Amino acid sequence: MATAADTIEAPPAPPPPAAQPYLFHRHALLVRVTHWTNALAIFFLLMTGLNIFNAHPSLYWGPYGASADAAHRWLEIGSKNVGGEARGFVRVGDVTVTTTGVLGLSTAPNGGPNPIAYPSWATFPSYRDLATARNFHFFFAWVLILNGLAYLGYSLVSGHLRRDLLPKPGELSPANIAHDIVKHAKLQFPKGEEAKRYHVLQKLAYGGVILVLIPLVILTGLGMSPANNAAWPWILDVFGSRPNARSLHWVAANLIGLFIIVHLLMVVLAGPINEIRSMITGKFRIDPEKA
Amino acid sequence: MMTGLSNRLSRRRLFSLGGIAAGGGLLSACDGLARSDSLGGIIKSAEAATMRWQRAIGRDALAPEYTLADLSPDFKVNGTHEPVEAEYQGMKRGGFADWRLEVGGLVTNPMRLALPQLKALPQRTQITKHDCVEGWTAIGQWTGPQLGLILKAAGLKPNARYVVFRCADNYGGEASKGGAQSTSLYYESLDLIDAFHPQTILAHSMNGAPLSVGHGAPLRLRVERQLGYKQAKYVMGLDVVESLAGYGQGNGGYWEDRGYEWYAGI
Ligand code: HEM
């Protein structure tokens with residue numbers, strides 16, 4: 001289905017007379033399908049991942065890491081009793097932050113106190129169930145990988161990656177990046193011809209997710225698998241150990257979560273109907289530069 | 001805007017009530033997915049895919065081995081800490097002198113092996129990582145004969161496909177870890193590829209000393225390319241079988257009967 005015209009670039013035909021909004025073919029079918037498949041997979045992966053983390057809510061750095069290895073534990077989410085009152089907390093290194101209500105101690109769906117790292121509304125299933133969470137996690141890990149390979153293969157062959165996603169040399173100049181940051185801060189989104197391309201911050205965010213965070217989350221995930229450690233020990237060598245891989249898996253997942261928050265915010269600010277339509281039907285309305 | 005405030009308040013309350021209802025609805029809809037049997041079948045298909053893939057990239061690959069400097073100072077005792085069963089307690093009092101490893105099922109030469117006999121076989125010592133399904137990792141040194149050696153001595157019949165490990169402990173079914181009190185003894189199983197893997201051993205020693213009760217005395221399985229729950233402790237017997245149907249609920253292990261993967265390579 002992906003024909004030459006199925007790309008994000010301007011169609012060869014001249015645009016209709018200016019001052020008239022018109023629909024522009026923005027996203028190729030394959031990009032649209034893989035985008036929504038990816039979104040579904042990532043939502044399940046994040047929520048099952050939080051459920052899995054709840055089984056042992058500590059992270060370690062070093063060759064081994066378990067409850068007794070306090071010297072290697074750099075992060076902990078839990079609850080403790082302070083003067084007869086239960087408190088949720090997150091500890092990173094020497095810094096402890098009280099997080100009662102959200103992390104460490106939250107409210108169960110039945111209204112009672114829930115001493116658990118991530119609250120029930122953030123996990124799938126909403127209750128403690130490591131077996132089900134793992135089964136879903138690994139199913140959607142396969143979806144993420146196969147879907148990602150389809151997307152990457154298409155984007156390399158069609159030129160989408162090079163043309164639309166990788167910043168051009170000039171775009172990376174500090175002045176251009178600063179300009180883009182200022183425009184974002186003023187909530188000015190491009191119009192006219194400018195709106196047909198991703199601007200530099202968008203490219204960096206998308207490129208960072210596609211080429212850095214998702215590969216990192218996959219490799220660190222594989223780094224925790226004992227059978228993969230035997231077959232591909234180089235992954236363990238890259239990260240140093242299984243506890244390190246688990247720590248970095250958690251960090252990468254958090255950064256993906258952060259990306260999603262900013263991504264959704266930008267979609268809403270830039271005009272959610274036009275934006276989301278463009279990712280469903282491919283058509284994006286271009287407003288002329290001078291309204 | 002005098003009435004605006006109360007309007008806003010009640011509207012906000014309505015919103016938050018609506019939010020809670022929608023959130024609750026979403027939660028139970030999601031949990032419905034988790035409990036759906038038809039979806040469960042599709043979800044579980046990933047386990048077979050993972051096993052096929054991992055066998056394709058490293059059927060005979062060796063798990064990484066470590067040095068004495070890497071040993072966990074305090075290797076966590078997990079699962080059963082001490083079997084309460086009278087039979088086990090009796091053997092423990094006698095220093096496991098009466099304990100015998102029963103090797104039976106689809107073998108031409110069933111055996112009953114005492115600990116000294118197992119120790120007289122060629123031994124393998126390996127320092128490996130123990131990867132718990134919960135996410136923690138410990139490093140320990142294990143010594144014992146290779147399982148493959150014992151299976152060869154017993155002689156497998158042509159229809160042999162799995163080795164089932166029968167254990168001494170009734171896990172006790174901690175409610176937080178899988179529900180109801182266990183009605184059957186702990187058990188585990190491997191297929192022949194992992195059973196004959198060179199690092200698959202029946203360990204009688206850990207870190208240079210006889211296994212402690214917490215770590216599975218007198219004998220435990222080490223299958224180094226799978227998760228902790230496969231490393232059956234308190235092994236009493238091996239049954240070579242064609243099908244796993246006759247044990248527990250037929251899923252091949254205590255935790256497998258509680259929803260965990262039989263192939264625990266990830
Ligand atoms: C329901 C949640 C989501 C919505 C509504 C959404 C919406 C969108 C929209 C409208 C675009 C097109 C932006 C434009 O044309 O300027 C887009 C692109 C993109 N989104 Fe999302 N998104 C969602 C979730 C995700 C997630 C979870 C990820 C990955 C972690 C993601 C990664 C991307 C990437 C990489 C692109 C650029 C695709 C390309 O051009 O090849 N999105 N998204």
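Trainee: Is B:Lys230 buried or exposed?

Mentor: A residue is called buried under 20% relative accessible area, exposed over 50%, and partly exposed in between, using a 1.4 Å probe and protein chains only. B:Lys230 has a relative accessible area of 1%, so this residue counts as buried. Please note that this is a predicted model, in which local features need pLDDT of at least 70 and side-chain atom pairs count only at pLDDT 80 or more, while totals for chains, interfaces and linings use all residues. Residues are numbered from 1 along each chain as written, chains are lettered from A and ligands numbered from 1 in the order written, and side-chain values use heavy atoms, leaving out hydrogens and water.

Trainee: With which residue does B:Lys230 form a salt bridge?

Mentor: Side chains of opposite charge can pair when their charged atoms come close. The rule used here asks for a side-chain nitrogen of Lys or Arg within 4 Å of a carboxyl oxygen of Asp or Glu. B:Lys230 forms its salt bridge with B:Glu256, and the closest N and O atoms are 3.0 Å apart. The two residues link distant parts of the chain, 26 residues apart: B:Lys230 is in the loop between strand S10 (220-222) and S11 of chain B, and B:Glu256 is in the segment after S11. Helices (H or I, at least four residues) and strands (E, at least two) are DSSP runs numbered from the N terminus. B:Glu256 is buried as well, with a relative accessible area of 4%. Elsewhere, salt bridges with shared partners join B:Arg55, B:Asp191, B:Asp194 and B:Arg225 into one network.

Trainee: How many salt bridges are there over all chains?

Mentor: The count comes to 21. One of them is formed by B:Glu102 and B:Arg166, whose closest N and O atoms are 3.2 Å apart. This pair links strand S1 of chain B to strand S5 (residues 162-167) of chain B, 64 residues apart. Both ends are partly exposed: B:Glu102 has a relative accessible area of 33%, and B:Arg166 has one of 27%.

Trainee: Which strands pair with S1 of chain B?

Mentor: Strands of a sheet pair through backbone hydrogen bonds, either parallel or antiparallel. Two strands pair if DSSP finds at least two bridges between them. Strand S1 (residues 101-105) of chain B runs antiparallel to strand S2 (residues 111-113) of chain B, joined by three bridges. A hairpin of five residues connects S1(B) to S2(B), and B:Leu101 has B:Leu113 as its bridge partner in S2(B). S1(B) also pairs with strand S11 (residues 235-241) of chain B, in the parallel sense and over four bridges. There, B:Gly105 has B:Val240 as its bridge partner.

Trainee: In what order do the four strands of the open sheet in chain B lie?

Mentor: The order is S3-S4-S8-S9, with antiparallel pairing. Strand S3 (124-131) and strand S9 (209-210) of chain B are the edge strands, each pairing on one side only.

Trainee: Let us turn to aromatic rings. How is the pair of A:Phe44 and A:Phe124 arranged?

Mentor: A pair of aromatic rings is described by the distance of the centres and the angle of the planes. Rings of Phe, Tyr and Trp (its six-membered ring) pair if their centres lie within 6.5 Å; planes under 30 degrees apart are stacked, over 60 edge-to-face, and the rest tilted. Over all chains there are 21 aromatic pairs. A:Phe44 and A:Phe124 are edge-to-face, at 5.2 Å centre to centre and 85° between the planes. A:Phe44 is in helix H1 of chain A and A:Phe124 in the loop between strand S7 (113-114) and helix H2 (130-158) of chain A, so the pair ties together parts 80 residues apart in sequence. Both A:Phe44 and A:Phe124 are buried. With A:Phe136, A:Phe44 forms a stacked pair, at 6.0 Å and 20°. A:Phe44, A:Phe124, A:Phe136, A:Phe139 and A:Phe140 form one aromatic cluster.

Trainee: Finally, which protein residues are donors to the iron atom of the ligand?

Mentor: Donors are N, O and S atoms within 2.8 Å of the metal (3.2 Å for Na, K and Ca); water is not among the atoms, so sites may look incomplete. The protein donors are A:His35 (NE2) and A:His263 (NE2), lying 2.0 Å from the iron atom. A:His35 belongs to helix H1 (residues 29-54) and A:His263 to helix H8 (residues 242-270) of chain A, so the pair ties together parts 228 residues apart in sequence. A:His35 is partly exposed at 25% relative accessibility, whereas A:His263 is buried at 18%.
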